Amino acid sequence: WLGLTVGIGIGPTKTLSKLANYAAKRWQNQTGGVVDLSDPERRTKLMARTPVSEVWGVGRSLTAKLESQGIMTVADLVAVDPKALRKKHGVVLERIALELRGIPCQDLQELVAAKKQIIVSRSFGRRITSIDDMRQAIAGYLERAAEKLREQGSCCRHITIFIQTSPFANHPYYSNQACARLVVPTDDTRDLLAMIDPLLTGIWRDGHLYS
């Protein structure tokens with residue numbers, strides 16, 4: 001009813017279940033929104049067609065490094081000796097590669113530690129074309145972020161706002177972000193809301209359908 005994309009990913013490790021979740025959302029019509037990667041043969045086929053950038057824990061910087069070494073897909077990453085990955089990129093990537101091979105390296109957390117970063121990010125129910133509508137939407141997200149901040153007894157020092165259009169729509173793509181460092185750490189919603197205008201004004205561009 002709401003038009004929200006829901007995906008369920010199943011796998012023997014956290015990283016494989018995340019990969020399955022990506023496939024469930026990416027090929028919604030073919031999968032029905034559910035992908036089970038318990039079958040090694042199915043994993044192999046998916047890895048061969050999935051960019052390495054889609055692996056949980058592989059960011060932009062690491063993606064660029066891996067692609068410069070010819071590691072373009074998840075299958076390419078799995079084919080590399082995990083020890084070699086550790087030597088070149090650290091223990092985190094080694095564990096990711098092992099998890100992609102079906103070897104669990106990350107336990108499920110039953111007690112969640114306080115987050116060092118809180119993100120509230122949702123796609124809109126309709127495309128936004130007005131800066132006033134965007135300001136209102138961001139205010140709602142920021143209020144929720146402040147609630148989460150107070151729930152874990154924390155204060156924040158940095159705030160980042162990002163906006164983007166859909167990369168899948170038939171109109172020009174635009175994405176940008178702005179950040180600021182607060183003079184005094186705070187959990188006060190009013191202090192955070194005051195940062196919206198100076199940040200949003202700097203990155204807003206008219207003529208786009210923001211998602």
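Predicted model: local features only at pLDDT ≥ 70, side-chain atom pairs only at ≥ 80, totals over all residues.

User: How are the rings of Phe124 and Tyr141 arranged: stacked, tilted or edge-to-face?

Analyst: A pair of aromatic rings is described by the distance of the centres and the angle of the planes. For Phe124 and Tyr141 the centres are 6.2 Å apart and the planes lie at 25 degrees. Planes under 30 degrees apart count as stacked, so the pair Phe124 and Tyr141 is stacked.

User: Which parts of the chain does this pair link, and how many residues lie between the positions of Phe124 and Tyr141 in the sense of being apart?

Analyst: Phe124 belongs to the loop between helix H7 (91–100) and helix H8 (131–151). Tyr141 is in helix H8, and the pair links distant parts of the chain.

User: Is Phe124 buried or exposed?

Analyst: The relative accessibility of Phe124 is 17%. Buried means under 20%, so Phe124 counts as buried.

User: What kind of aromatic pair do Trp204 and Tyr210 form?

Analyst: Their centres are 4.6 Å apart, with 35 degrees between the planes. Stacked pairs have planes under 30 degrees apart and edge-to-face pairs over 60.

User: Where is Thr73, and which residues does Thr73 touch, not counting residues up to four places away in sequence?

Analyst: Thr73 is placed in the loop between helix H4 (60–68) and helix H5 (74–79). With a relative accessible area of 18%, Thr73 is buried. Leaving aside residues up to four places away in sequence, the contacts of Thr73 are Met47, Ala48, Thr50, Pro51 and Val52.

User: What separates Glu41 and Lys45 along helix H3?

Analyst: The side chains of Glu41 and Lys45 meet in a salt bridge at 3.9 Å, N to O. Both are in helix H3 (residues 40–49), 4 residues apart. The separation is therefore about one helical turn.

User: What is the N to O distance in the salt bridge of Asp132 and Arg135?

Analyst: Asp132 and Arg135 are 3 residues apart in helix H8, so about one helical turn separates them. Asp132 is partly exposed at 48% relative accessibility, and Arg135 is partly exposed at 26%. Their side chains meet with an N to O distance of 2.6 Å.

How values were computed:
Residues numbered from 1 in each chain as written. Heavy atoms only, no water. Phe/Tyr/Trp six-rings, centres within 6.5 Å; stacked < 30°, edge-to-face > 60°. Helix = DSSP H or I, 4+ residues; strand = E, 2+ residues; numbered from the N terminus. Buried < 20%, exposed > 50% of the residue type's maximum accessible area, 1.4 Å probe, protein only. Contact = heavy atoms within 4.5 Å. Salt bridge = Lys/Arg side-chain N within 4 Å of Asp/Glu carboxyl O.
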